[in-house]
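Work through the exercises below with the sequence and the model at hand. Each task is followed by a solution in steps.

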Amino acid sequence: MGWLLRVNRLYGPNERWTRSATFAEAFQGGCLAEPTSIYQISRWETASVRAPYLAIRRYEELLDLPPHALVALIDTIYRYDNSPGNALPLLTRAVDRATATARLDELVDKASSLTAQMTGVEWDELTRRLAATPEIVISPQRAWSDIAERLLSETIVADGIAWMQRYEALSRLLAHPIGQRAAIAACASLAADRTNQVFVETVSLLDASNHSDANRHVLHQLKHPTNERAQYGALLASVRKIRFGHFVAVEMPQLVAIIDELTSDPNRQDDVQPLAAELLRRLPNTVSATARKRMRAIAGDLTVQQVLRVGRLADQETSQRLVTRLADTVVATMTRDIPNFRDHALPVLLDEMLFSPVFDIRMQAAITVSGTPYRRPLAAGLAAELTRPTVPGATVAPYLIEALRLLGGAEQRPVIERLIIARGMPAPVTIASAQAIGHIGGRSENLFWRQALAHHAQLWLHTRRPANAAALNGLTYGLGMARNRAVLHELRADNRMPEQVRAAATWWLSLPRAMYESANQ
């Protein structure tokens, strides 16, 4: 948090704020009534003291950031990094006790409605008030399920700040002593629904609960997954569950057996194997040294071997060169030089963003950088790497593309569009590009969507290559996130498409418009 505050102040649009004394003079006012000294700001920005909620809001005001942009980001980072089980946010907010009951009733009624819209700020307020009253009784009991199901539905179709606010709100519900059962059931039910189109997030969200039901559903999706994406989501959930000791002794042998199988399966040369290998590395000493040695010996993939040895997706030399090049480019592109400031955190975040075997860690690192003025130059640097002659075929290219999902703007969208339809690309590059188009900034014209769909549909009809079917699935997801109902209707009616792609288009078209509109706020 201290790094976020400092980098935003130093490289923000107002050069006056590079002087701490000037910034401190202007700090009192707006949403913050308390006087603030230069020493207090220094303690916040060096993480000696945790900055309070209203101070974060004041940073947003002075730095001309969108309301709640830093708050939502900090909530997201705190939530992932800290042990589940506490519904309250670490970034505490004051609650108006005088109007607490009436306001909570109002928010519960809105959230339970099928038509009333809920903003991200209202989801934040509702779940914060619920977290502050762990023994609360809501009547009728069904309201818990209505709230959880709606919040989950909005979370999986939201993006940006709206997504972060809902992710945090749902995580609070998953940790609430009463509400967690409804939230766990909502995730489990959607994960079991084969018509659902967002499996990874739906299952991985269960890492926010230490309840035995959450463990049970994660293990079920590992052993008997709805599909490979649901199994991947369960592996992601297991990362934090292992870290925070959620699995009880009787569950560990089941987990070890599944990880053993996935790590050594020669047919799973995708993102599942590196993640399974990292889970093996993180397991406590319940796995004998003999078993670990055997698993290392049978792992045939070079990336998996690298993960088993050192927990990274690439060797140190390769990754160091790329990280240094990106970090130097970003700093050199900033609008001003800051004397006596050397950013040691940026290379660490870039390294995690590209080379951690855990998708959630890569995502958290990318989200963190996206909340700073580094975002635009870094996105340009990532896109430039993808245009280098030797990079698109390299192992790291999919992770560069993945990072652009969160960092890229309209300027980088054409790069991703070209990679989607480029001939001769390695399958992982094509698939990663198709999966990124739903989140990267800007909008694609219908001409592109139709061209890309026709391109991969034709290839799929002639070759039945899984990569083309996966690209079509990614494009369908992108159309859904773009709310492009016109092309989704065309896709649903197109007999050339794989059946699962037409089913995906049907799912996106069946989502209530009110939910879409609410998820945008």
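**Exercise 1: a pocket lining**

Task: by class, how many nonpolar, polar and charged residues does the lining of the second largest pocket have?

Solution. The lining has 12 nonpolar, 3 polar and 3 charged residues. Here Ala, Val, Leu, Ile, Met, Phe, Trp, Tyr, Cys and Pro count as nonpolar, Asp, Glu, Lys and Arg as charged, and the others, Gly among them, as polar. The model is predicted: local features need pLDDT of at least 70 and side-chain atom pairs pLDDT 80 or more, while totals for chains, interfaces and linings use all residues. Residues are numbered from 1 along each chain as its sequence is written, and side-chain values use heavy atoms, without hydrogens and water.

Next, the volume of the second largest pocket is about 470 Å³. Among its 18 lining residues, Ile 77, Asp 81, Leu 349, Glu 352 and Thr 368 are the closest to the centre. Two or more residues each come from α1 (2-11), α5 (69-81), α19 (345-355) and α20 (359-370). The largest share, 5 residues, is from α5.

**Exercise 2: Tyr 39**

Task: is Tyr 39 buried or exposed?

Solution. Locate Tyr 39 in helix α3 (residues 38-45). Its relative accessible area is 60%, so Tyr 39 is exposed (over 50%; buried is under 20%, with partly exposed in between, for a 1.4 Å probe and protein chains only). Ala 24 lies 15 residues from Tyr 39 in sequence, and their C-alpha atoms are 8.8 Å apart.

**Exercise 3: Leu 126**

Task: which residues does Leu 126 contact, leaving aside neighbours within four places in sequence?

Solution. With contact taken as heavy atoms within 4.5 Å, Leu 126 meets Leu 104, Leu 107, Val 108, Ala 111, Met 118 and Ile 147.

Definitions and conventions:
Helices (H or I, at least four residues) and strands (E, at least two) are DSSP runs, numbered from the N terminus. On a 1 Å grid over the protein atoms alone, a cavity is a set of points where a 1.4 Å probe fits but cannot get out, and a pocket is an open set with protein on both sides within 12 Å along at least five of seven lines; lining residues have an atom within 4 Å of a point. Grid points are joined across faces, edges and corners, and a volume is the space filled by probe spheres set on the points.
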